[in-house]
Amino acid sequence: YVPTFTAPRNLYSRRYSPYNKADVMVKWFESTPNRPDNWDIIVVIDPDNWVIRDITHWIVKASEGHALGEAAWFHGSHLVTELWKEVCQKNCDWDLDMVGVPYIVHRNDLAKIAPYFKLYINIMKEREEKDSAFLNKYKGIQMGWGTEMFGYIFGAAHAGIKHEVVHGIQRRDVSSRPGTKQEELGIDMIHMGRAWWPKDYHKTRGIGYRYDPYGSCMVAKRLSIISILYAY
């Protein structure tokens with residue numbers, strides 16, 4: 001049993017809810033009675049990730065110094081590399097591992113990444129709010145809403161933690177449909193992203209979808225043990 005960890009919500013997350021992910025992660029590691037000292041591998045997901053199968057076969061591939069992450073939708077983007085060069089504080093020549101959730105990371109590595117994850121969100125958000133040209137330059141990679149995704153991979157680069165870029169931990173709601181029953185049964189996790197409703201559903205008439213409005217969460221998992229972290 002791993003207890004759920006909660007922490008007071010950072011005021012900035014009222015303006016940018018994904019800030020919760022980095023902020024609560026830092027608070028978790030700073031909380032002596034709650035930090036995950038007894039758990040080797042942590043799986044970081046979003047609140048709209050649905051784990052539908054045991055993912056132990058992914059977890060066992062991670063170890064200290066060797067993290068895993070699903071290839072992000074912006075994987076290979078030169079704009080992400082340009083952004084890193086513009087905001088980096090250390091390891092500026094690092095070959096970025098352009099991953100998104102789920103991140104599967106050893107606790108000691110995540111403890112190193114967490115403060116820099118938060119730091120780089122702060123750096124980029126300050127630039128976004130003061131410099132519209134900076135924000136517009138990176139609109140093509142969804143700068144603004146997606147800033148926390150860049151914050152994580154930049155934090156990992158700053159901390160010197162490599163991630164193996166993998167495919168297939170999750171299936172996104174906008175991914176192609178499984179081609180076979182075997183492929184369908186092999187899906188481990190769904191990243192919903194958007195809640196789709198029929199166009200004629202009277203309660204959402206005129207709305208194509210509703211986006212998850214909540215902050216991010218984290219799941220710490222070792223075999224069948226799960227711990228949820230969130231801010232209130």
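His191 counts as buried because its relative accessibility is 14%, where buried means under 20% relative accessible area, exposed means over 50% and partly exposed lies in between (1.4 Å probe, protein chains only). Before we go on, please keep in mind that this is a predicted model, in which local features need pLDDT of at least 70, side-chain atom pairs count only at pLDDT 80 or more, and totals for chains, interfaces and linings use all residues. Residues are numbered from 1 along each chain as its sequence is written, and side-chain values use heavy atoms, with hydrogens and water left out.

Let's stay with His191 for a moment. This histidine belongs to strand E8, residues 189–191; helices (H or I, at least four residues) and strands (E, at least two) are DSSP runs, numbered from the N terminus. What do the side chains of His191 and Asp48 share? They are joined by a polar contact of 3.0 Å, and another polar contact, of 3.2 Å, links the side chains of His191 and Gln170. A polar contact here is a pair of N or O atoms within 3.5 Å; within protein, one must be able to donate a hydrogen and the other to accept it, and residues adjacent in sequence count only if both atoms are side-chain atoms. If you set aside neighbours within four places in sequence, the residues in contact with His191 include Asp46, Asn49, Val101 and Arg172, contact meaning heavy atoms within 4.5 Å.

Val101 leads us to the next stop. The peptide bond from Val101 to Pro102 is cis, with omega near 0 degrees, and Pro102 sits in strand E5, residues 99–106. Most peptide bonds are trans, and most residues other than glycine have a negative phi.

Two residues are worth a look for their phi. Asn91, which is not a glycine, has a positive phi near 55 degrees. You will find Asn91 in the loop between helix H3 (78–87) and E5, and at 30% relative accessibility it counts as partly exposed. Gln142 also has a positive phi, of about 60 degrees, and lies in the loop between helix H5 (132–137) and helix H6 (147–159). With 44% relative accessibility, Gln142 counts as partly exposed.

Finally, the cysteines. A disulfide, taken here as a pair of cysteine sulfur atoms within 2.5 Å, joins Cys88 to Cys92 with an S to S distance of 2.1 Å. The count by this rule is one disulfide. Its S-S torsion is about 110 degrees, so the disulfide is right-handed. Is Cys88 buried or exposed? Cys88 counts as buried at 13%, whereas Cys92 counts as partly exposed at 29%.
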